[in-house]
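This report looks at strand pairing and at some backbone details of a single structure. The sequence and the model are shown first, and the description follows.

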Amino acid sequence: MKEILRKIYYAIIKLLPARFVLNIETFRTYKRFLSKNKPLYFGEKIQWLKLYGNLDKYSDYVDKYKVREYVGEVIGEEYLIPLLGVYEKAEEIDYDKLPKQFVLKLNHGSGYNIIVTDKNKENFVNINKKINKWIKEDYYKIKKEYQYKNVRKRIVCEELIRDTKGQLMDYKFFCFDGEPVFVKVDFDRFENHTSNFYDCNWNYIDMQEMGYKNYKKEVKEPENFEEMIRIAKKLSKNFQFVRVDLYNVDGKIYFGELTFTPASGKNAFIPLEKDKKIAERIKI
């Protein structure tokens, strides 16, 4: 039933004007409609950028394949997750030539990921069906995120990276005018997903993202945290706002992605006083 309702919802959303949809989403999050002249909150400003920020100019940076070139030029190819293949359609994937573990992702949106931990246990017919279904979706129409509009759709296959504990620590640096200001750290992303926020001196920030609980245990600062900050600074230097996502696997740093509209602007920071303070850094 949920899948049927999801299909109906997306079919309707694609047909509705962006401003109407973003007004509804802003109201659901902040109990106010999107203001063109005086947006106050972080998510509201993200919705404003969708409408008026000309985000389509960032297509090469959100393309999960083409962005690799930018990353290689700015910080070096050693920070890229090893690439196993790039395909135009699922039928081109030769699973026999792939290792036991790998990740398949589509380059034109968010959430289009398939993690394979043992290919001998997978049904590749079903995987191909899912991929071909995703390829047909116009992510930018559903989310009104026009940075994805001109992305040439492709399937990217990368190595599966994990630390010695089988986890994947995800560090999301919120960068404003080329300066990392704070980082969101995700824990147990595939089980009991929680997250914490820290400033760039690794001081805990008492804040939550709507929809997520905080991680309760003490977390040590990564030994190479300063290097991660330097990387985030280099990758964000040309943008008013961007979230730079990095992985840290047993001390080895990998680039994840660049995100210009985190959570599509729908997840407020709690308390809202802090959300509003963060929003002040995005100049409209």
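## Pairing of E1 and E4

In this predicted model, tyrosine 87 stands opposite isoleucine 155, a residue of strand E4. The two strands concerned, E1 and E4 (residues 155-158), pair in the antiparallel sense, and four bridges connect them.

## The four-stranded sheet

This pair belongs to an open sheet of four strands with antiparallel pairing, in which the order is E1-E4-E2-E3. Strand E1 (83-87) and strand E3 (113-116) stand at the edges, and because each has a single partner strand, one side of each is left without a neighbour in the sheet. On average, and with direction ignored, neighbouring strands of this sheet are turned by 15 degrees against each other.

## Positive phi values

Asparagine 54, a residue other than glycine, has a positive phi near 50 degrees, and its place is the loop between helix H3 (42-52) and helix H4 (59-62). Its relative accessibility is 53%, and since exposed means over 50%, asparagine 54 counts as exposed.

Tryptophan 202, likewise not a glycine, has a positive phi near 60 degrees and is found in the loop that lies between strand E7 (194-199) and strand E8 (204-205). With a relative accessible area of 10%, tryptophan 202 is buried, the cut-off for that term being under 20%.

## A cis peptide bond

Isoleucine 270 and proline 271 are joined by a cis peptide bond, for which omega is about 5 degrees. Proline 271 lies in the loop between strand E12 (269-270) and helix H9 (272-279).

How values were computed
Residues numbered from 1 in each chain as written. Predicted model: local features only at pLDDT ≥ 70, side-chain atom pairs only at ≥ 80, totals over all residues. Heavy atoms only, no water. Pairing = 2+ DSSP bridges. Axes fitted to C-alpha atoms, helices over the stretch in contact; angles between N-to-C directions. Buried < 20%, exposed > 50% of the residue type's maximum accessible area, 1.4 Å probe, protein only.
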